Amino acid sequence: QYQRRVHGGASDESQIQRIGDMLSKVELNPKQYSEFVRFSDNRYVRNLVMLDCNFSVMIHCWFHDQWTPPHTHDASEHSWFRVVSGELQFETETPKGPQLEKVHGVRHEWRSGMHRLGNPSTTECAVSIHVYSPPYKELSYRDSTGVTKTLPCVLHSKLCQNSSPTTTLFANFDSLTQLLDVEFASKGPKLNDRLSRLLRSVSLNQEEWRSYTEWHNEHFTRVLLRSTEDYMLVMSCWNVGQHSPVHSHDGSQNWIKVLEGCLNENTYIRECDTRAPDLLRSGPLGSDTTTYCGPKTIHSCVNINNAATYSLHLYSPPYRVCEVYKDDGSIVRCPVYNGGPQGPNCIDNCCST
C-alpha cells in the first residue's frame with residue numbers, strides 16, 4: 001500500500017505527512033501481521049517484510065524488557081513507527097540526561113540523535129510496525145565501550161524467498177528453518193542446489209547462535225536446532241583440537257557451514273574391507289565456508305583453529321546412526337546424540353558431524 005501511494009521515497013513535507021497519516025489510519029488485522037511476529041529470548045527481533053528502492057517495512061517484536069542499543073539513523077533517512085500491540089518507550093539523550101516518553105500513535109523520526117526504543121514491561125510483549133525511507137538495511141549503534149558498530153536486519157522468510165541467490169540473507173534460526181521447510185516442501189530435481197545456495201547466502205547473528213552453545217572437555221558437541229521428517233539442523237561446538245572420528249552418515253546428505261573458526265575436513269575412500277579407508281583429500285573449511293557431503297561420503301573433521309570453532313550442519317534425511325570406520329576395517333554403528341532443548345545431552349564420542 002505504501003509503495004503504491006508514494007513513489008520516489010519521502011523527499012518533501014507533503015509526502016512525509018502522507019506516510020504518517022497512512023500509517024495512523026490503516027487498519028491492521030492481527031491475523032495478517034501475526035505471521036511476521038517472532039520473539040527471541042536474546043534480543044528484540046526485526047523482521048524485514050518489504051523492501052524496494054524507496055522504502056523498507058519491518059515488524060519489530062519485543063519480548064519482556066527488550067531495548068534497542070543507543071543508536072542513530074542516517075541524517076537523510078526518515079522513519080515512522082506505530083505500536084500495534086503492547087507498549088513502547090522512546091528514550092533520548094539530552095544534556096540533562098536520558099529523557100523517557102511513552103509512544104502514542106505514529107512517531108516520525110528524523111535527525112533524532114542518539115536514542116533507544118524498548119518495551120519497559122517485564123510481563124507483556126510488544127509489536128510495532130516501522131516504515132523507512134530510503135530503505136533501512138542495518139542499524140548503526142554504539143556499544144558499551146562507545147564504539148559505533150552496525151548490525152544487519154533480519155529478513156523474514158517470505159522476503160528471503162524472493163531474494164536473488166547472490167543476496168546475503170540476514171536471518172535467525174527461526175526464519176532459516178522456515179526457509180528450509182519451504183524448500184523441502186517444494187522438492188524438485190534441483191533441491192540440493194537450492195539448499196547449497198541458501199546456506200551459502202544466509203548470515204546468522206553471532207549473539208543468537210552463541211546462546212545455544214554447549215561444551216564437553218573430551219569431545220565436540222552437537223546441539224539439535226530442528227528435526228522434521230525431511231531434515232535435521234544441528235550446531236556443533238568444537239574446542240581446540242577436538243575432532244570427529246572417520247565416519248559416514250548412514251545414507252544422509254550433509255551440508256556444513258562454518259559459522260566461526262576453522263575446521264579441517266579429511267575425506268576418504270574405502271577400497272578394502274579389511275583395512276581403514278584411504279585418505280582421498282584434505283583441506284580447511286574457514287569461516288563462512290559451506291560444503292556438501294553426499295550420502296556415501298566418508299570423512300572426519302578437526303578444529304585447527306587456535307580458538308573455538310562453531311559450525312552449522314544440515315542433514316537430509318535426519319541423521320540418526322553414525323557409521324564409524326576403525327583401523328582394522330570394521331564398521332561400528334552407534335546412535336547420534338544431540339544436546340540442546342530438543343535432544344538429550346551429547347554423551348558419547350561417537351556423535352559426529
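Which side chain does the side chain of S196 make a polar contact with? The partner is the side chain of W255, at 3.0 Å. A polar contact here is a pair of N or O atoms within 3.5 Å; within protein, one must be able to donate a hydrogen and the other to accept it, and residues adjacent in sequence count only if both atoms are side-chain atoms.

## Basis of the model

The model is predicted, with local features needing pLDDT of at least 70 and side-chain atom pairs counting only at pLDDT 80 or more, while totals for chains, interfaces and linings use all residues. Residues are numbered from 1 along each chain as its sequence is written, and side-chain values use heavy atoms, with hydrogens and water left out.

## The sheet

An open sheet is built from five strands in the order β15-β16-β23-β18-β21, with antiparallel pairing. Strands (E, at least two residues) and helices (H or I, at least four residues) are DSSP runs, numbered from the N terminus. Two strands pair if DSSP finds at least two bridges between them. At the edges lie β15 (221-227) and β21 (290-293), each of which pairs on one side only. On average, neighbouring strands of this sheet are turned by 20 degrees against each other, direction ignored.

Four bridges link β18 (residues 253-260) to β21 in the antiparallel sense. Within β21, T291 is the bridge partner of I256.

## Helices on the sheet

Helix α5 (residues 173-186) packs on the sheet and touches β15, β16 (232-238) and β23 (309-316). The direction of α5 makes about 25 degrees with that of β23. Helix α6 (residues 191-201) also packs on the sheet, touching β18, β21 and β23, and its direction makes about 10 degrees with that of β18. Axes are lines fitted to C-alpha atoms, for helices over the stretch in contact, and angles run from 0 to 180 degrees between N-to-C directions. Contact means heavy atoms within 4.5 Å.

## Residues of helix α6

S196 is located in helix α6. S196 counts as buried because its relative accessibility is 12%; the classes are buried under 20% relative accessible area, exposed over 50% and partly exposed in between (1.4 Å probe, protein chains only).

R194 also has its place in helix α6. Its side chain joins that of S186 through a polar contact of 2.9 Å. Leaving aside neighbours within four places in sequence, R194 is in contact with E183, S186 and K187.

## Cysteines

The structure holds zero disulfides (a disulfide being a pair of cysteine sulfur atoms within 2.5 Å). C262 is buried, with a relative accessible area of 17%, and C334 counts as buried at 7% relative accessibility.
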